[in-house]
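This briefing goes through a protein model topic by topic. Keep the sequence and the 3D view open while reading.

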Amino acid sequence: MTQISETLPDDDGNRFAAAEDLNQYRIAQAQFDRAAAHLPDLAPGLADWLRRTSRVITVEFPIETEDGSVKTFTGYRAVHNRVRGPGKGGIRYHPDVTEDEVRALASWMTWKCAVADVPFGGAKGGVVCDPKILTFNDLRKITRRYIVGLGDNIGPHTDIPAPDVNTDANTMAWIYDTYEMMHPGTNSLPVVTGKPIGMGGSLGRREATARGCLNVTMHALGRGVLPGHNRLDGMRVVIQGFGNAGSIAAELFAKAGAKIVGISDSTSGAYNEHGLDPDAAIAHKERTRSLAGLKNAEAITNEELLALPCDILIPAAFENQIREDNVDAISAKLIVEAANGPTTPGADRALMQRGIPVIPDILANSGGVTVSYYEWVQNIENQEWTETDVNQKLKAKMERATDAVLEMHRGIEKARGEREPADIRTAAV
């Protein structure tokens, strides 16, 4: 079994805690091992295969940037498992992208697709770059060269990309256009999801991750995941990360009756115990590219935001945000993971010991891949569904997934015997 934390002796023979291992792939494997411990009939060899990545492709390519210089970029695409169907997963552009990160994200996508019961396996990709210092045309060139480098390793029935951190509908349009030029005379629309509506994208896709998160949260509350709180009305919500998922979650949770008391992006945060106006915050962020200076709000750091007293904390940024070194400061009653991998195994254990439930990423943010599946189906069948149809289908699927995970958790707890207690994440994996 993968060990994430351990104690080590110092020069005097005393034991001290080693730094927590924040490698995302080893974290994903540790989560798998914890779940596999509740499956005594799972053959060791099969378990070893299920926890591994089927393939990882590395591509390196040059582009001429708009300043006239030539720069070489590195991209990755990992496929974890395709037993359930084609690989499915986003592409992120970020300076900290690593091979192990995309391997972890691909693993989580496999489990996410299984939880949501969509016929895809897990995949993920990324390019090591900093979009903040690149131009629109630089990003277009990077995208096209990356897709040419991947070649037929992506395809409508093999591996289907989607947006992720720092990529959007424009990026997906470039992917489709590049792939379509490489495969003339075929229906290439299903090769990528999250496309612009006019290019075969699905209504409801942009809001899907946040809307699915809301569906899961409301249904889990109704099923008693947080005793004494069966409705969202009046609950104080804190959201870390104010990108696509976080900002839309703020809007949707507020419309559903919650009070958004804290929000943050990568550089700033805002707090008001009486509630923030999500629409005003989004307009301010679009105008200034930051939450700094938001009216009727107190400036706050990300670390301070995570420690705010609230009913629901929604990490919607990056991995490894709630860790052993800051978990004791968490004051939320419930954590709902809109981001991938925001909570480390050590923090999971600490939260479980304190009785703070975590609705895990592979359930809470599975709305995105679910509506990606709906877009894929529409592209293959040359259909166009209404936004109402998409949202109704999404709600039904999110509620079924929530029921399945909570029932699995209940079953594990009844049958675990001498094994350690299981959290909701373990049941979902």
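Arginine 223 and aspartate 403 join their side chains in a salt bridge, with 2.9 Å from N to O. This pair links distant parts of the chain, 180 residues apart: arginine 223 sits in the loop between α6 (208-222) and β8 (236-240), and aspartate 403 in helix α13 (residues 387-415). The model is predicted.

**Salt bridges**

- The structure holds 27 salt bridges.
- Arginine 223 counts as partly exposed, because its relative accessibility is 29%, and aspartate 403 is also partly exposed, at 25%.
- A salt bridge of 2.6 Å (N to O) connects the side chains of arginine 231 and aspartate 233.
- Arginine 231 is exposed at 54% relative accessibility, whereas aspartate 233 is partly exposed, with a relative accessible area of 43%.
- Glutamate 337 and arginine 425 form a salt bridge through their side chains, at 2.8 Å from N to O.
- That pair also links distant parts of the chain, 88 residues apart, with glutamate 337 in the loop between β13 and α10 (345-353) and arginine 425 in helix α14 (residues 424-428).
- Both glutamate 337 and arginine 425 are buried.
- Arg92, Glu101, Lys124, Asp164 and Glu319 belong to one network, joined by salt bridges that share partners.

**The sheet**

- Strand β10 (residues 269-271) and β11 run antiparallel and are joined by 2 bridges; tyrosine 271 stands opposite glutamate 298 in β11.
- Strand β12 (residues 310-315) runs parallel to β13, with 3 bridges between them; leucine 313 has isoleucine 335 in β13 as its bridge partner.
- β13 also pairs with strand β14 (residues 358-359) in the parallel sense, over 2 bridges, and valine 336 stands opposite isoleucine 359 in β14.
- Strand β13 (residues 332-336) is largely enclosed by the rest of the structure, because 4 of its 5 residues are buried.

**Helix α12**

- Helix α12 (residues 367-381) has 15 residues and spans 21 Å from its first C-alpha to its last, close to the 21 Å expected at 1.5 Å a residue.
- In α12, 13 of the 15 residues are buried, so the helix is largely enclosed by the rest of the structure.
- Asparagine 382 follows α12 and has a positive phi, near 55°.

**A nonpolar surface patch**

- Leu46, Trp49 and Val83 form a nonpolar patch on the surface, and together they have about 310 Å² of accessible area.
- Leucine 46 lies in helix α2 (residues 44-50) and is partly exposed, with a relative accessible area of 40%.

Methods. Residues are numbered from 1 along each chain as its sequence is written. This is a predicted model: local features need pLDDT of at least 70, side-chain atom pairs count only at pLDDT 80 or more; totals for chains, interfaces and linings use all residues. Side-chain values use heavy atoms; hydrogens and water are left out. Patches are made of residues with over 30% relative accessible area and no salt bridge: like charges are joined within 9 Å, nonpolar side chains (Val, Leu, Ile, Met, Phe, Trp, Tyr) within 5 Å. Accessible areas come from the Shrake-Rupley method with a 1.4 Å probe; for residues, only the protein chains shown count as cover. A salt bridge is a side-chain nitrogen of Lys or Arg within 4 Å of a carboxyl oxygen of Asp or Glu. Buried means under 20% relative accessible area, exposed over 50%, partly exposed in between (1.4 Å probe, protein chains only). Two strands pair if DSSP finds at least two bridges between them. The expected span of a helix is 1.5 Å times one less than its number of residues.
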